[in-house]
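Open the model in your viewer and keep the selection panel at hand. We will go from stop to stop, selecting as we go.

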Amino acid sequence: MTTGEPLIVLESVNKWFGPLHVLQDVDLSIDRGEVVVVIGPSGSGKSTLCRAINRLEPINSGSIVFDGQPLPAEGRGLAKLRSEVGMVFQSFNLFAHKTILENVTLGPIKVRKEKPAAVRERAMQLLDRVGISSQASKYPAQLSGGQQQRAAIARALAMQPKAMLFDEPTSALDPEMVGEVLDVMTSLAREGMTMVVVTHEMGFARHAANRVVFMADGQLVEQAPPDEFFGSPKSDRAKDFLSKILTH
Ligand SMILES: Nc1ncnc2c1ncn2[C@@H]1O[C@H](COP(=O)(O)OP(=O)(O)OP(=O)(O)O)[C@@H](O)[C@H]1O
Ligand SMILES: [Mg+2]
């Protein structure tokens, strides 16, 4: 569901780690409601791209605009950005000593200063939506990996973000739990959430993405709608990458 209205705009973004040029003149515009899947070899800069968008990594040059505003560097603006851009990582990053419900309500209550009762109600709805409302009073270690990752998604959604970034959200899961997490992500995509998803799940890319972006060596090498990208990749790098991941 793309709207033609940009929400996230990167222009000539460059990022170095010491001598390593990990994002090289990256231009990328993501519309409201668009689902962009980012793929590419290990070390190509996919995580760095995600982290740059919510300013977990500062960039060296270029610009990133989110919802019409350049990314704030610090202070309240940065806290607001972080709450508007939900992030889900490979490792679930839940607070081990808090219940699932507390994990989900913490941000809205502490950061947003929302009323606890209303936040708890919203959190229970979110846990229901991701299929784990019966686990609300348990601790993360008592849940399966798939349930923990769904809790992490509910926690990000509790902040009512304008966009969600997923960095290999299913890579640490046992195979039988991958589907339940992808199902939640697919329904979010269908509901119009703006999403940037780094994943090796090509089924998800084919069915849920509006666009596939292929990165290699810090560059956006190629981007196209999934049918076009998987059906007729243009660059040798993309062809080579696809032949490696699609044959096993
Ligand atoms: N904090 C850091 N300090 C120094 N180098 C880093 C740092 N983070 C990442 N790098 C390097 O930057 C490059 C891009 O890393 P990044 O994690 O963005 O790649 P990736 O595409 O997400 O890879 P993967 O598929 O393995 O997750 C790699 O060469 C990596 O080693
Ligand atoms: Mg990565």
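A polar contact here is a pair of N or O atoms within 3.5 Å. Keep that cut-off in mind for the first stops. Note too that this is a predicted model.

**Stop 1: the ligand and its polar contacts**

Select ligand 1 and Lys46. An N or O atom in the Lys46 side chain sits 2.7 Å from an oxygen atom of ligand 1. One of its polar side-chain atoms is 2.6 Å from a ligand 1 oxygen. How much of ligand 1 does the protein cover? On its own, ligand 1 has 640 Å² of accessible area, and the protein covers 59% of that.

**Stop 2: the shell**

Pick Phe17, Leu20, Val22, Pro41, Ser42, Gly43, Ser44, Gly45, Lys46, Ser47, Thr48 and Glu168. Color them by type. The shell splits into four nonpolar, six polar and two charged residues.

Strand E2 (20–31) and helix H1 (46–53) each supply at least two shell residues. Which element gives the most to the shell? H1 does, with three residues.

**Stop 3: along helix H1 to Ala52**

Stay on helix H1 and select Ala52, which lies in it. Is Ala52 buried or exposed? Ala52 counts as buried because its relative accessibility is 2%, and the cut-off for buried is under 20%. Show its surroundings. Leaving out residues up to four places away in sequence, Ala52 touches Leu23, Glu57, Ile59, Ile64 and Leu71.

**Stop 4**

In soluble globular proteins, nonpolar side chains tend to be buried together. To look at that here, select Ile153, Met164, Phe166, Met185, Met195 and Phe229. Within the largest nonpolar core, which has 51 residues, these touch the most other members. Helix H6 (residues 175–190) is the top contributor to this core, with eight residues.

Zoom in on Met185. Not counting residues up to four places away in sequence, it touches Ile153, Phe166, Pro169, Met195, Val197 and Phe204.

Definitions and conventions. Residues numbered from 1 in each chain as written. Chains lettered and ligands numbered in written order. Predicted model: local features only at pLDDT ≥ 70, side-chain atom pairs only at ≥ 80, totals over all residues. Heavy atoms only, no water. Near = heavy atom within 4 Å. Polar contact = N/O pair within 3.5 Å; in protein donor to acceptor, adjacent residues only side chain to side chain. Areas by Shrake-Rupley, 256 points an atom, 1.4 Å probe, with all protein chains shown as cover. Helix = DSSP H or I, 4+ residues; strand = E, 2+ residues; numbered from the N terminus. Nonpolar A, V, L, I, M, F, W, Y, C, P; charged D, E, K, R; others polar. Core = buried A, V, L, I, M, F, W, Y, C linked by side-chain atoms within 4.5 Å. Buried < 20%, exposed > 50% of the residue type's maximum accessible area, 1.4 Å probe, protein only. Contact = heavy atoms within 4.5 Å.
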